[in-house]
Amino acid sequence: MGEITKIQWTDHTWNPWIGCAKVAPGCANCYAEADMDKRRGRVKWGPQGTRSRTSDDYWGQPAKWNKQAEASGIRQRVFCASLADVFEDWTGVITNQFGDSYHHGASWNRKEKYIAIPDVHIGHSLITMTDLRRDLFALIDQTPWLDWLLLTKRPENIFRFWPSVEHAGRTWRCQRENVWLGTSISDQATANRAIPHLLACRDLSPVLF
């Protein structure tokens, strides 16, 4: 899940977290649900399901790819979140692969940003999808030799969830030159709904697809 891919239009696939919910006709036969939920039991799909952050070691892979790309002088593409949706509006608990909930770790061990605790009622601050999205975009900003392909079925959420940057005392939503934004189209009704939302984000990305 990451190092090797047979997808011809990308060099790598990589998932910051796993899990999603069906929102469009094109979700009917979701391969990610069939594999990660039905076959592996890694997460539970759906709005009342689970969302599982991938491991710290796994999160280190893009930095290695970025170094390889810089050394070769050839940019590499990363299809991000093939098993999730970066722009899903998810407010539930974030877990690890064992089902333990992630909490902010500073009060426990300042060397760890997040810690996984089995009891979700332990009383320490739970991490949110906003935390994970912020971490993802920080990683994107730290890997300028990678072109990140973010494909979503929720283009209406892109602008709202696009992390802002601070510059000269101002906060603004900047274009990220190494992000390609795309949306999945399954039928004409979906195209009519989704494409205008994607086009509205043309100032955020140099490539829309």
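How far is the sulfur of Cys-30 from the closest cysteine sulfur, and in which residue does that sulfur lie? In this predicted model, the closest cysteine sulfur to that of Cys-30 belongs to Cys-27, at 6.5 Å, which is too far for a bond. A disulfide requires cysteine sulfur atoms within 2.5 Å, and by this rule the count is 0 disulfides. Cys-201, at 1% relative accessibility, counts as buried.

**The sheet and its helices**

Five strands form an open sheet in the order β1-β4-β8-β11-β12, with parallel pairing. Its edge strands, β1 (12-14) and β12 (207-208), each pair on one side only. Strands β8 (residues 146-152) and β11 (residues 179-183) run parallel and are joined by 5 bridges; Trp-148 stands opposite Val-179 in β11.

| Helix | Strands crossed | Angle |

**Helix α3**

At 1.5 Å a residue, the 12 residues of α3 should span 16 Å, and the 17 Å between its end C-alpha atoms agrees with this. The buried residues of α3 are Gln-61, Pro-62, Trp-65, Asn-66 and Ala-69. Seen down the axis of α3, these buried residues fall within an arc of 135 degrees, and therefore line one face of the helix. They pack against β1, α2 (56-59), β4, α4 and β8. The face turned away from the buried side of α3 carries the exposed residues Lys-64, Lys-67 and Ala-71. Gly-73 follows α3 and has a positive phi, near 75 degrees.

Key. Residues numbered from 1 in each chain as written. Predicted model: local features only at pLDDT ≥ 70, side-chain atom pairs only at ≥ 80, totals over all residues. Heavy atoms only, no water. Pairing = 2+ DSSP bridges. Helix = DSSP H or I, 4+ residues; strand = E, 2+ residues; numbered from the N terminus. Buried < 20%, exposed > 50% of the residue type's maximum accessible area, 1.4 Å probe, protein only. Expected span 1.5 Å × (residues − 1). Arc of directions from axis to C-beta. Contact = heavy atoms within 4.5 Å.
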